[in-house]
Amino acid sequence: MKPVYTVALCTHNHADRLARTLIDLQSLRAPREPWELLVIDNGCSDGTPDLLAHHGWPAKWQVRVVREERLGLSNARNRAVADAHGDYVIFMDDDETPDADWLRAFERLIDAHHPDAFGGRIRVLFEDERPAWLRDELLGFLGELNRFDQVTPLTEPGASFYGGNFGFRRAVCDRIGLFDAMLGRKGNDNTGGEEVDFYRRLLAADLRVWWTPEAVIHHRIQTAKLERSYFYDLHYRMGRMEAVRQRGMGSRVPPRYLFGQLLRATTAAWRQRRREGPEATVRQEMNVAYFVGKIAGWAAGPRPGTS
């Protein structure tokens, strides 16, 4: 039976995390319409191919595994769109656990509002003790997201869904194109932004994007492996990517105002560290990393249209 929904799970060298995700997925309550699970093996070189080949899938599930050799989350997402059999493609990450009612919540939204695209709530789930420096203000950078407490349209370019819990009518790609392969994670490169770019193109095309807090997914975090450097690297790459976009084909000489912003961010971080100690300064130090990345990206980042 042809599926209406394709749940697309893109994975790269996370066999240990993926193993739990596949187990947790078995608690999903099936939606009314047929659905399939499509796993995209994005050039995995660990135990992922063996795990997928020998996993015991539930008897009534429609499951397919495809391999995308071109490294990068955007390439994996584009492969999912190309290979999906469903009318809707719904993305989740390989280190997430959906609520049992997750798919049904998206189906209710689709039945009620007929959106072209949609997003749902992401909650951070700590698997071990949370470090003292990891304050609530940092949870959004680990994927925590709840735009609204009620079902509502998304209309603001700066308030997108997140890549760990969103979907769309597959046909919208005929209008706005696929995911930008310059954006999105590539191996150990944490550069993101591919879903934000996709979301903004949806809005620019006057397509209907909706939010539902009822479709909840949990992003599992192993805090023992989480270091402050992750947040600094994330912001450095964000600054670098933004500089490349702003500079375009212009001069590689960074504007003077960027050095002033870097100085102010550094001063603010230093003052907060003196007042409150090092466990309070991660967010301010992320701002420093952002402006360092922006200056570096302006001076040495790739030109648009190059990798």
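Arg 77 is buried in this predicted model, with a relative accessibility of 2%; buried here means under 20% relative accessible area, exposed means over 50%, and partly exposed lies in between (1.4 Å probe, protein chains only). Its side chain meets that of Glu 194 in a salt bridge, 3.0 Å from N to O. The term salt bridge stands for a side-chain nitrogen of Lys or Arg within 4 Å of a carboxyl oxygen of Asp or Glu. Arg 77 belongs to helix H3 (residues 73–83) and Glu 194 to helix H6 (residues 194–204), so the pair ties together parts that are 117 residues apart in sequence. Glu 194 is buried too, with a relative accessible area of 2%. Helices (H or I, at least four residues) and strands (E, at least two) are DSSP runs, numbered from the N terminus.

A word on the ground rules: residues are numbered from 1 along each chain as its sequence is written. Because the model is predicted, local features need pLDDT of at least 70 and side-chain atom pairs count only at pLDDT 80 or more, while totals for chains, interfaces and linings use all residues, and side-chain values use heavy atoms, with hydrogens and water left out.

Just after H6 comes Asp 206, whose phi is positive, at about 60°, although Asp 206 is not a glycine. This residue sits in the loop between H6 and E9, and Asp 206 is exposed, with a relative accessible area of 69%.

His 114 also has a positive phi, near 50°, and is a residue other than glycine. Its place is the loop between helix H4 (102–113) and E6. His 114 is partly exposed, with a relative accessible area of 45%.

In total, the structure holds 26 salt bridges.

| Pair | N to O distance |
|---|---|
| Arg 77 and Glu 194 | 3.0 Å |
| Asp 41 and Arg 67 | 2.8 Å |
| Arg 67 and Glu 69 | 2.6 Å |

Which residues does Arg 67 bridge to? Arg 67 meets Asp 41, and Arg 67 also meets Glu 69. How do the accessibilities of these residues compare? Asp 41 counts as buried at 4%, Arg 67 is partly exposed at 34%, and Glu 69 is exposed at 54%. The bridge between Asp 41 and Arg 67 links distant parts of the chain, with Asp 41 in strand E2 (residues 35–41) and Arg 67 in strand E3 (residues 63–67), 26 residues apart.

There is a network of salt bridges as well, linking Arg 17, Arg 20, Asp 24, Glu 127 and Arg 220. Asp 24 lies in helix H1 (residues 15–25) and counts as buried at 17% relative accessibility. Leaving aside residues up to four places away in sequence, Asp 24 touches Thr 97 and Arg 220.

Two packed helices are described by the angle between their axes and the distance between the axes. Axes are lines fitted to C-alpha atoms, for helices over the stretch in contact, and angles run from 0 to 180 degrees between N-to-C directions.

How do H8 and H9 cross? The axes of helix H8 (residues 256–276) and helix H9 (residues 282–300) come within 8 Å and cross at roughly 160°. H8 and H9 are therefore roughly antiparallel, a term for angles over 145 degrees. H8 passes H9 in a left-handed crossing, the near helix being turned anticlockwise from the far one by less than a right angle; clockwise would be right-handed. Residues in the contact include Leu 262, Ala 265 and Ala 269 from H8, and Val 288, Phe 291 and Ile 295 from H9. By class, the contact of H8 with H9 has 12 nonpolar, 5 polar and 3 charged residues. Ala, Val, Leu, Ile, Met, Phe, Trp, Tyr, Cys and Pro count as nonpolar, Asp, Glu, Lys and Arg as charged, and the others, Gly among them, as polar.

Helix H7 (residues 228–247) packs with H9 at an angle of about 40°, their axes 6 Å apart. H7 passes H9 in a right-handed crossing. The contact of H7 with H9 divides into 14 nonpolar, 6 polar and 7 charged residues.

Terms used:
Parallel < 35°, antiparallel > 145°, perpendicular 65-115°, else oblique. Contact = heavy atoms within 4.5 Å.
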